[in-house]
Amino acid sequence: MSRAGIVTVAGKPNAGKSTLLNRLVGEKLAITSPKPQSTRHRVVGLRTADDTQMVVLDTPGLLDPKDLLHEAMRGASLAAVRDADVIVYVVDANALNQGALRAWARSRVRAVSVDSNPGDEVDAGVTEQVSATDTERNTEAADESATERVDGEPDDRAAIADATGVPDAVIDASAAELALQGLSAELIDALRRARQPPDAPTVATPVAHATVRHGSAQAASKAAAASPGTVATRAGAETPAESPADALPWPTFLEAASLERAPRARVLTVLNKSDILPADIVSALQQLGPDVLTMSALTGDGIDPLVSAVTEQLPESPYLYPADEISTLPMRFFCAEFVRETALEQLGDELPHALACAIDEYREGSSPLYIRAVLYVERESQKAIVIGAGGQRIKQLGRAARVKIEQFVGEPVYLDLWVKVLANWRRKRGAVTRLGYGDPNANHPA
């Protein structure tokens, strides 16, 4: 049975939502810009592949409104959240504190090392005894050799460090942290035995389905998931209080969207721009499975796991649109957006938010395709900037925009570009609605 549904891409401004839409669809439908708030509409893209159709909605960045345009943009975002079957919450990894992110990721790896029984957690200073199959006991020769040396030297951390190359401080780490160093389950167990004083009694606490990662940071122990194990803790050891590392290093979706209640759709959190993160942070995050996904919408890394996670959440359904379509929006919309994108590229430092574009005429069947577009600004001084000395700026802008439109529509285009003043249009309800941004006062509960 095929699957189909609405996938809303949401997040703060400049998180990479539009780039993700373009990557998922395989076509440039949403304009992109280093300037925040470049997306003002709900942009619809269709991805149809492998018996699944995703109706992907790119949305304006979630922000605190400062004018009627912002109100309309927020309304469009919340309407898309309300309509969603799945919400992809995009977080800009580049904007996060890397130290806090590293600490949080490692604390979460420790938490998920124990299969999700509430309260079962692997922490620093524990000894793990995990049942394993014969297959998982096959380790590399180097690990076996190191294990033998460790077993002969109980409670001598300096000797352990010399024998294994593992720093003294690491020996006190949790099994999950040791696994991130690429150590085998057997070597981890030997380190534990050598670290524990011989006269210290242990208290065994049953743990259901403990998971040990060994051999590499990417390999998970299947036997631990299949067989119950135990965690033995030195007598007298205190359970540490909740660490600041447990604090989520980015706002939750409810916080980002300023919502009072959770949306009905499943929210998948995606850390975008993860290609710029240090490798150890990415490796730790990738241990967390569907809880947190990492990707780069720009390079395409991590897109396949995201597509798989989204597909699993979509309902069984016939396709909602023909399989060969890539959007539900008219050509006029995209032509206006390409003109505005070009204006942002050339005038963004001077007029990033005062610009709007509308298509006054679109003559289908004409050759070349005739398009009359109007750029709106708020003041006469801004109009002079767009036109430039002797009209050179608007001519340059028009040529660049025409090339983009021709690539999109696949035919020659005559772009007739004008500039008009619509005073303070961002603060006028009628102007905001006229330019296609919707009703700023519309109520869109999530």
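Q: Why is R372 called buried?
A: The relative accessible area of R372 is 19%. Buried means under 20% relative accessible area, exposed means over 50%, and partly exposed lies in between, with a 1.4 Å probe and protein chains only. R372 therefore counts as buried. The model is a predicted one, in which local features need pLDDT of at least 70 and side-chain atom pairs count only at pLDDT 80 or more, while totals for chains, interfaces and linings use all residues. Residues are numbered from 1 along each chain as its sequence is written, and side-chain values use heavy atoms, with hydrogens and water left out.

Q: What makes the contact of R372 with D360 a salt bridge?
A: A salt bridge is a side-chain nitrogen of Lys or Arg within 4 Å of a carboxyl oxygen of Asp or Glu. The closest N and O atoms of R372 and D360 are 2.9 Å apart, and the pair forms a salt bridge. R372 lies in strand β11 (residues 369-377) and D360 in strand β10 (residues 356-363), so the pair ties together parts that are twelve residues apart in sequence. Helices (H or I, at least four residues) and strands (E, at least two) are DSSP runs, numbered from the N terminus. D360, with a relative accessible area of 38%, is partly exposed.

Q: How do you know that D92 forms a salt bridge with K273, and which parts does the pair tie together?
A: For D92 and K273, the closest N and O atoms are 3.2 Å apart, and the two residues form a salt bridge. D92 belongs to strand β4 (residues 86-92) and K273 to the loop between β8 and α10 (279-285), so the pair ties together parts 181 residues apart in sequence. D92 has 18% relative accessibility and counts as buried, whereas K273 has 25% and counts as partly exposed.

Q: Where do R340 and E337 lie, and what joins their side chains?
A: Both residues are in helix α12 (residues 331-347), three residues apart, about one turn of the helix. R340 and E337 are both buried.

Q: How many salt bridges does the structure hold, and which residues are linked in a network?
A: The structure holds 13 salt bridges. K28, E341, E345 and K404 are linked in a network of them.

Q: Why is E255 called exposed?
A: The relative accessible area of E255 is 53%, so E255 is exposed. E255 is found in helix α9 (residues 253-257).

Q: What makes the approach of T252 to E255 a polar contact?
A: A polar contact is a pair of N or O atoms within 3.5 Å; within protein, one atom must be able to donate a hydrogen and the other to accept it, and residues adjacent in sequence count only if both atoms are side-chain atoms. The backbone nitrogen of T252 lies 2.9 Å from a polar atom of the E255 side chain. In helix α11 (residues 303-313), which holds T311, a polar atom of the T311 side chain lies 2.8 Å from the backbone oxygen of V307.

Q: How do you know that β2 and β3 pair, and in which sense?
A: Two strands pair if DSSP finds at least two bridges between them. Strand β2 (residues 43-49) and strand β3 (residues 52-58) have seven bridges and pair in the antiparallel sense. The bridge partner of T48 in β3 is Q53. The hairpin of β2 and β3 has two residues between the strands, and D50 takes a positive phi near 55° there.

Q: What makes β2 and β9 edge strands?
A: The order of the open sheet of six strands is β2-β3-β1-β4-β8-β9, with mixed pairing. Each of β2 and β9 (293-294) pairs on one side only. Strand β8 (residues 266-272) runs parallel to β9, joined by two bridges, and V270 stands opposite L293 in β9.

Q: What makes a space a cavity, and how many cavities of 30 Å³ or more does the search find?
A: On a 1 Å grid over the protein atoms alone, a cavity is a set of points where a 1.4 Å probe fits but cannot get out; a pocket is an open set with protein on both sides within 12 Å along at least five of seven lines, and lining residues have an atom within 4 Å of a point. Grid points are joined across faces, edges and corners, and a volume is the space filled by probe spheres set on the points. The search of the whole structure finds two cavities of 30 Å³ or more. The second largest cavity has about 30 Å³ of space and is lined by Q37, R40, L69, H70, M73, H353 and R426.
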